[in-house]
Amino acid sequence: MRSRFGLLCAAGLVAALVYPLLFGGPVALLWRSNYAVNTGFLILFVAFIGQSWNIAGGFAGQTSFGHVVFFGTGAYVSTILHVTYGWNPWLAWPLAAAAGALVGWMIAVLSFRAGLKGSYFALITLAFAEVFRILANSVPITRGGLGMLIKADPRPENFQFRDAISFYYLALALCVLSIGIAWWLTRSRFGARLAAIRENEDAAMALGIDVFREKVRVLALSGAMCAAGGTVYAQKYLYIDPVIAFGVDKSVEMLLVSMVGGAGTIFGPLVGAGVLHIVGEVTRDLGNLVPGVKNAQPLALIVYGAILILIVRYLPDGLTSMFVRRGRAPRNG
Amino acid sequence: MSGSIRSTGLSRRRIGQSALGLAAGTLAFPAILGAQAKAVKVGLIHPVTGFVAYNGQQNRLGATMAIEDINKAGGIKSMGGAKLEALLGDSQSKVEVGVSEVEKMNEAGVAAYIGCFQSPVAIAATQAAAKYNTPFLIDVAASDLIVKRGLKNVFRMKPGFGKCVDDGIAALGALSKGAAKTAVIVHENGEFGTGTAKLLAGKLPLIGIEAKEIIAHENPTRNFDNAALRIRTAAPDIVMMSNYGNEYMLLARTLFQQKVNVMGMFSVLGGGFNYKFVKEMADVSQYMMDTNHWYNPRSATAQALKKRVEAAGSLFTFEVYLSYTAVSLLADALERAGSAEKDALTAALASSTFKADLMPYGPTKFVDGQNQGGVPGVMQSLKGEIEVVAPAEFSSATAVFPRPKVS
């Protein structure tokens, strides 16, 4: 079973590596399509930031409604260092991740010292994200609502790429790394302690686990990952403002892909991101195809919502639970 | 067999002739099809879902009406009557979705894009289109950043917020003649509202007005009671607003209900100053003024289009005629380029002297993608109607300033 699972993972990785070569690169093997490569990028990118949520919310049970606070921190730190202080964005990137870890540590210390857990913790993260958004709107260093524009200079040494394929492989590397971290969590003592905390905090404490310390550590780790995603986003789209960087929709997206795919599973965010993104793309096109209705696009959201309801209704543990129930995939798959 | 042929009067020769004719016709048919000019695809990217869905749908309405009109009039004549074909995209108010639409439409073979209503989406989408050297016409999006990045593929007919602020300040100065001394600026806290407010605060002193307070608000905001109280406390002569539709109307109604007396309410790019607001809340909107994109009230073409839009049950909002104008500009450029080839089309747009019939604009002249002939109008709500009070050559009424006190 284990070797079969490993084989599946290897096949998936090979497929992910080959995918952009079908539509891009020096010789597109099928046909040239930056749209297909870009869609692949978005799936992997959302899977990566979704995994950052999953590590805190899924593995450790620390559900957050405001994970975008880390995303925005990363986006702003690297952009400010790059645009205002002339740093190379590659050098600014680890600092952005460190800033995300610091914010995660700060939120965790403040919240968990105050004894917040469950829905209270979820709400306080939402509040933090809003505070950061308002701050970004108010302080001069972020240029407030005017936003920050990164000068287009598409050179790899400048963390900007002329072709879509480079960003795809960057997102793939991040996604694989995040899956590796999730896999490690299922096998390490740290991950076991997080699982214990998730299942029953009091029992974990009784077992001698330093619950506070473990929760702070996992939120710092999650924050660093999400902040790294923020930098990638800023470098890809070259413009951020407080709503883009700290808007609640990103938090919802991270949470949604993990929940739909399977919170607390290794591949949940990737499966969720893939399914939700493809459903989103297809339904957006369906809006164009409804005959006789000029403005059918809003209908796409209704279809999208209905599909979400069906998934949540029939697969409350996420899409990956389909395989677990049939006993065809190993635990945490 | 032969008898039956004879009985119908068909000789062997005639059958042969018919067969030849049929063969010729069959062969000719594809030739006729081939002679039909290939449609020119135009990508329309607007937020037709999300919190500014109404605005995006109005943009789409204007653009699709223009495409229908151009096609009915015979298409692009220099391209053998090529029709325009709209590809409809929904940005969902998200930057990444807007960029995704650009990529998708590029593969569908668009000759040009038109969009995006929101400045952040426009900034990223134009950048994505620049990779393919595809012209991108901005119908609505106020930020001046859009045309200040040196992108050769970006063209904006309408004035940006810099020009709107300059003209608005000049008009306010001419009306006030030194009577107004203070102002409070209320703006949405996004790129458009913040940028406009910042420019306003910097330029108001030029006409002897001090910005006493600048109040930023969220999108959406559902209650302006506190903002109204702050305005009442500051007791300014002028309240200036720069925000989207719903917040604009709600703030105006709150100030009216709380009987906040000021010399004037003067907005720059007030998103809610439209027929819906002025007709449905005639008492609230009375004497309010706005500097904004407006059609030329003296243009017969604009009046005819307004009637058509209203007859179809929609409002003739600025999105409609700006998108209509953007499509007309594109059609004019295609006509002159005689081709949808990107370099030729970009060159035709860059050298355009298009006369925008609907708008009170001078001759089109693009400098770094920004049309220098674009000017905003200054409007005032008077008895449930929107009247143009400046510039004088397009005005339909004289401004009432200061406004009579609310009792």
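How many residues of domain 1 of chain B are in contact with residues of domain 2 of chain B? In this predicted model, 14 residues of domain 1 of chain B meet 17 residues of domain 2 of chain B. The stretches behind those names are 40–159 + 298–371 for domain 1 of chain B and 162–292 + 377–394 for domain 2 of chain B. Averaged over C-alpha atoms, the centres of these two domains of chain B sit 28 Å apart. On the side of domain 1 of chain B that touches domain 2 of chain B, there are nine nonpolar, three polar and two charged residues.

Next comes the nonpolar core. The largest one holds 220 residues, and B:V42 and B:A125 have the most contacts inside it. Helix α2 of chain A (residues 34–59) gives the most to this core, with 16 residues. Domain 1 and domain 2 of chain B each supply at least three residues to this core as well. As for B:A125, leaving aside residues up to four places away in sequence, it touches B:I45, B:G98, B:V99, B:V102, B:G115, B:C116 and B:F136.

What about the place where the two chains meet? Chain B puts 27 residues into the contact and chain A puts in 26 residues. On the side of chain B that touches chain A, the elements giving two or more residues are α3 (53–72), β2 (84–90), α4 (95–107), α5 (119–130) and α7 (191–203) of chain B. Of these, α4(B) gives the most, with eight residues. Sorted by class, this side of chain B has ten nonpolar, ten polar and seven charged residues.

Within chain A, helix α3 (residues 68–84) packs against helix α4 (residues 89–113) at an angle of about 145 degrees, and their axes are 8 Å apart. The crossing of α3(A) past α4(A) is right-handed. Residues making this contact include A:V69, A:F70 and A:L81 of α3(A), and A:W93, A:L95 and A:V103 of α4(A). Twelve nonpolar and six polar residues take part in the contact of α3(A) with α4(A), with no charged residues.

Last, there is A:D210, found in the loop between α8 (201–206) and α9 (211–237) of chain A. A:D210 counts as partly exposed because it has 13 C-beta neighbours inside 10 Å, while a residue needs 20 or more to be buried and 12 or fewer to be exposed. Between A:D210 and A:A192, the separation is 18 residues in sequence and 13 Å in space, going from C-alpha to C-alpha.

How values were computed:
Residues are numbered from 1 along each chain as its sequence is written. Chains are lettered from A and ligands numbered from 1 in the order in which they are written. This is a predicted model: local features need pLDDT of at least 70, side-chain atom pairs count only at pLDDT 80 or more; totals for chains, interfaces and linings use all residues. Axes are lines fitted to C-alpha atoms, for helices over the stretch in contact, and angles run from 0 to 180 degrees between N-to-C directions. Helices (H or I, at least four residues) and strands (E, at least two) are DSSP runs, numbered from the N terminus. A crossing is left-handed if the near helix is turned anticlockwise from the far one by less than a right angle, and right-handed if clockwise. Two residues are in contact if their C-beta atoms, placed from the backbone, lie within 7 Å. Ala, Val, Leu, Ile, Met, Phe, Trp, Tyr, Cys and Pro count as nonpolar, Asp, Glu, Lys and Arg as charged, and the others, Gly among them, as polar. A nonpolar core is a set of buried Ala, Val, Leu, Ile, Met, Phe, Trp, Tyr and Cys residues joined through C-beta atoms within 7 Å. Domain bounds come from an automatic or database domain assignment.
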